[in-house]
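Take a look at the protein shown here. We will go from the whole chain to a few of its parts.

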Amino acid sequence: MEKELEIIREIFNTNQEIKFTPLDGGLSNDNYIFEIDGVKYVLRVCHPIMNEINNRNDEYKNLLLVQDYDVDVPMIYFNTETGMKITKYVHYCYNLQNVELDSEAVKKMALTLRDFHKIDKLSENDFDPLVKLETYKSKITTQLYKIDEEELVISKTKVLYTKYPLTFCHNDLVPGNVLVGRTKTYLIDYEYAGNNIYLFDIMSFITENNIVSKDLVFLFYTAYLGYPASVDLLIDLEIMACFEDLLWFYWANMMYDLCQTDIYRDIATTKYHAYNQRLKIMKERNA
């Protein structure tokens with residue numbers, strides 16, 4: 001932490017003692033709270049291997065893009081070489097880790113995401129999940145599980161990208177990337193942000209937050225759209241969910257290969273089983 005401490009002292013022009021308190025929830029990054037002159041900040045330190053996978057220049061540009069729309073916490077500093085980031089600490093907020101979402105929370109998040117997708121600017125980069133899939137696969141030396149009907153799911157997903165326009169998307173709505181405050185909800189961490197179709201974000205939130213109740217899923221769709229989803233859209237959303245399980249399976253498999261950390265193997269296993277369940281439903285619907 002010596003380099004980070006030196007940068008912080010330079011940014012804030014201070015020699016006071018600085019203590020770092022770890023924040024729970026970081027998977028591919030480490031996060032800490034620190035305080036200067038009574039004001040709290042959050043420091044993100046990226047694992048070096050993540051800088052080989054994620055484009056920090058794209059992330060920085062997307063962070064600048066969202067700063068104008070008050071959807072992210074205020075950014076103080078960003079280093080495009082290391083991914084080191086400093087943001088203001090927002091009091092009285094909690095993320096969605098270990099939170100059981102009720103109907104009110106699901107509706108609130110649907111409206112937050114709908115407003116997020118109203119951002120009237122596109123990113124300079126596309127998040128093309130089909131390209132990402134091939135990138136992740138290319139970095140794997142030992143595949144953990146054999147994937148059935150992969151080409152079927154990919155072909156159906158390609159059709160989706162001919163039907164829906166691109167918009168600016170977050171693309172990584174895991175529980176730790178949603179901060180719920182007293183008066184607003186923040187979407188944080190833009191490592192995977194870029195132009196995508198809105199279906200990806202909808203299913204990212206639903207799958208990553210393990211929303212399995214059909215009532216809550218349909219409530220989310222209706223709140224987001226402003227009306228009940230059509231049968232055709234429901235089918236497309238199911239295809240997207242299946243593809244996302246496939247995508248993040250390969251991502252987790254890649255990370256396990258690179259890091260040999262059990263958490264990534266666990267994620268890959270979870271995504272593998274989720275993929276098979278969704279694939280079965282998708283094939284039965286098309287039978």
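This is a predicted model: local features need pLDDT of at least 70, side-chain atom pairs count only at pLDDT 80 or more; totals for chains, interfaces and linings use all residues.

Now take the overall build. The protein has 10 helices and 10 strands. Its radius of gyration is 19 Å, close to the 19 Å that the globule rule gives for 287 residues, so the protein is as compact as a globular protein of that length. Along the principal axes, the C-alpha atoms fill a box of roughly 70 × 45 × 35 Å. Buried residues make up 50% of the 287 residues.

Contacts tell how the chain comes together. Take those between residues at least 6 apart in sequence. Of these, 71% join residues at least 24 apart. Charge is the next topic. There are 30 positive and 44 negative side chains. The centres of the two sets lie 3 Å apart.

Next, the strands. Strands of a sheet pair through backbone hydrogen bonds, either parallel or antiparallel.

Turn to strand β5, residues 85-88. Strand β3 (residues 39-46) runs antiparallel to β5, and four bridges join the two. Here Leu43 has Ile86 as its bridge partner in β5. Strand β4 (residues 75-78) also runs antiparallel to β5, joined by three bridges. Phe78 stands opposite Lys85 of β5. β4 and β5 form a hairpin with six residues between the strands. In that hairpin, Gly83 takes a positive phi near 80°.

Finally, go to a helix. Helix α9 spans residues 231-259 and holds Asp245. Is Asp245 buried or exposed? Its relative accessibility is 2%, so Asp245 counts as buried; the cut-off for buried is under 20%. Which residues does Asp245 touch, leaving out those up to four places away in sequence? They are Lys271, Ala274, Tyr275 and Arg278.

Key. Residues are numbered from 1 along each chain as its sequence is written. Side-chain values use heavy atoms; hydrogens and water are left out. The radius of gyration is taken over C-alpha atoms; the globule rule is 2.2 Å times the number of residues to the power 0.38. Buried means under 20% relative accessible area, exposed over 50%, partly exposed in between (1.4 Å probe, protein chains only). Contact means heavy atoms within 4.5 Å. Lys and Arg count as positive and Asp and Glu as negative; His and the chain ends are not counted. The place of a charge is taken as NZ of Lys, CZ of Arg, CG of Asp or CD of Glu. Two strands pair if DSSP finds at least two bridges between them.
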